[in-house]
Amino acid sequence: MSVLILGMALYTPSTYISANTTVNDTDRIYSIVVDRFLNADTSTDESVPEDENPELRFGGDFTGIEQNLEYIRDMGFTAIHLSPVFAFAPDDYLGYDVESYEEIDAGLGGAEGLESLVEAAHDMGLEVIVDVPAVSIDGAGAADELNVNSIYGDYIDDKDLAMLDLTDADVQSEYQEAISNFVDEFNIDGLSMMIAQDGVDAGEVLPGGVKTYGFATTEGLSAEGFDHIADETMRQTLAEAYATVNREIPEIPESEHMLLADHWFSERFTSHAVEENMFPGTRVKQLVTYLYSHAGPISMLYGTEVALNGETIPDIHPQMDLWTDQEVVEYIEHISNVYNDHKNAFTGDLETLHQSDGHYITRYHTNDVDFILNVNDTSETNGVNLNLDDVDEGKVLSGMLIGDMIRATAPGEYIAVLDREETELYAIVEESGFNNGYVIASVIIFGGFALFIFLAGRKNKKYRESQNK
């Protein structure tokens, strides 16, 4: 196997793509329903029923997440996003039926477990974002009208929750103080909120000094003050576009937009692929490559990498399967490594070069090396003639995800061909011929192997001669 790899490496063009030291970090967020990830500490299972009930607790805890931080980091995520962690009712698993904003839920591992998780995440270079529900514990200060989707609304009704009116000044002050105390005590890096009413201003209800993410579950919801807002229209568009082939891929938006295909109050992305009778693994690969190509924050719901499914609560939140087929996980690790090595690709202005049903090509203009993203999400191999008049003669399109190499057919003209349901990221670089490092290494290895065969043959010959005497 190593010989085959070396043989291929001999013909790998040696290219250098310099890093841009002014690159802004891109938030890649792994969203986790804590109770549904991994039960690693059974001592906290007091509210877990003996017979598994998908509407009740499974026993997942902070320890289970902490033990798998490396798994999350290796897929290129820069932050973990936790479902609510405040003390909540025993018959709830998602954490919105809050009983106290001053305590951390004992079933998840309590304050000690959260402190340990946050410290371990920070040691590994991961930020910790926590979702904060705006629920009235005693029914006071409740909002008269809510603006949520049916999944969120049904959950609120089922748990008989009163959602706080975050446009009321008194409510804002008390809520902000409670959340601020929580952030300070546990060294939290970011906060998220599933926005439940129009007119919410994050600057009035959430503390400063942390990143804030707002999740809209309906189209046209009005909110402001969040660092980033996940738009419901874009979420639905993205989920439906990647559910199957030959659907128009939306253009990658500006960096302030947050991209995702699902969250804990939406149907799972995989459900769309299943409905279209498509192979979920391929659909997830295509989706995640698009997400990772975005300069702004992205969020992926736990288990998307293993194609967890579901359309309503509690099916949206099944138990995580950490021991399933790792093909998609390994693919995500691969693309994250490539993208992390070339973060300067996402600092430039975007230019759409081609847009048709399922085939989207965009160019990233940077101050150093330009990049081209080629998304062929169609049912057939596609080739597109790219006219890059500003590209100097002698440059090639060097593929970094699959390894394609495209040379100019004429000055500034390239034919980009890609198989069905594949995505490639090209760097526009000088072609520098053979990779001398690989050549030298192969000579040493093949020379050593030949010498070994020669010496072994001589030793065997001497042995036979001694036996014949």
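A residue is called buried when its relative accessible area is under 20%, exposed when this is over 50%, and partly exposed in between, using a 1.4 Å probe and protein chains only. The model shown is predicted, so local features need pLDDT of at least 70 and side-chain atom pairs count only at pLDDT 80 or more, whereas totals for chains, interfaces and linings use all residues. Residues are numbered from 1 along each chain as its sequence is written, and side-chain values use heavy atoms, with hydrogens and water left out.

View 1. The protein has twelve helices and 21 strands, where helices (H or I, at least four residues) and strands (E, at least two) are DSSP runs numbered from the N terminus. Of the 469 residues in the protein, 52% are buried. Among contacts (heavy atoms within 4.5 Å) with a separation of 6 or more, 69% are between residues 24 or more positions apart.

**View 2. Strand 5 and its two parallel neighbours.** Strand 5, residues 127-131, is mostly covered, with four of its five residues buried. Strands are taken to pair if DSSP finds at least two bridges between them. Strand 2, residues 79-82, runs parallel to strand 5 and is joined to it by four bridges, and in this pairing Ala79 stands opposite Glu127. Strand 5 is also joined to strand 8 by three bridges, again in a parallel arrangement, with Val130 standing opposite Leu191 of strand 8.

**View 3. Strand 13 beside strand 1.** From strand 13, residues 298-301, Ile298 and Met300 point one way while Ser299 and Leu301 point the other way, and all are buried. Strand 1, residues 28-32, runs parallel to strand 13 and is joined to it by four bridges; the bridge partner of Arg28 is Ile298.

View 4. Asp27 lies in the loop between helix 1 (2-9) and strand 1, and it counts as buried because its relative accessibility is 10%. Leaving out residues up to four places away in sequence, Asp27 touches Thr78, Glu127, Lys211, Tyr213, Gly296, Pro297 and Ile298.

View 5. The buried residues of helix 5 (residues 150-159) are Ile151, Tyr152, Gly153, Tyr155, Ile156 and Lys159, and they pack against strand 7 (162-163) and strand 8 (190-194). Asp160, which follows helix 5, has a positive phi, near 55°.

**View 6. The packing of helix 10 and helix 11.** Helix 10 (residues 280-292) and helix 11 (residues 327-341) pack at an angle of about 20°, with their axes 10 Å apart; axes are lines fitted to C-alpha atoms, for helices over the stretch in contact, and angles run from 0 to 180 degrees between N-to-C directions. Helix 10 is therefore roughly parallel to helix 11, a term for angles under 35 degrees. Among the residues making the contact are Val284 and Val288 of helix 10 and Tyr331 and Ile335 of helix 11.

How values were computed
Parallel < 35°, antiparallel > 145°, perpendicular 65-115°, else oblique.
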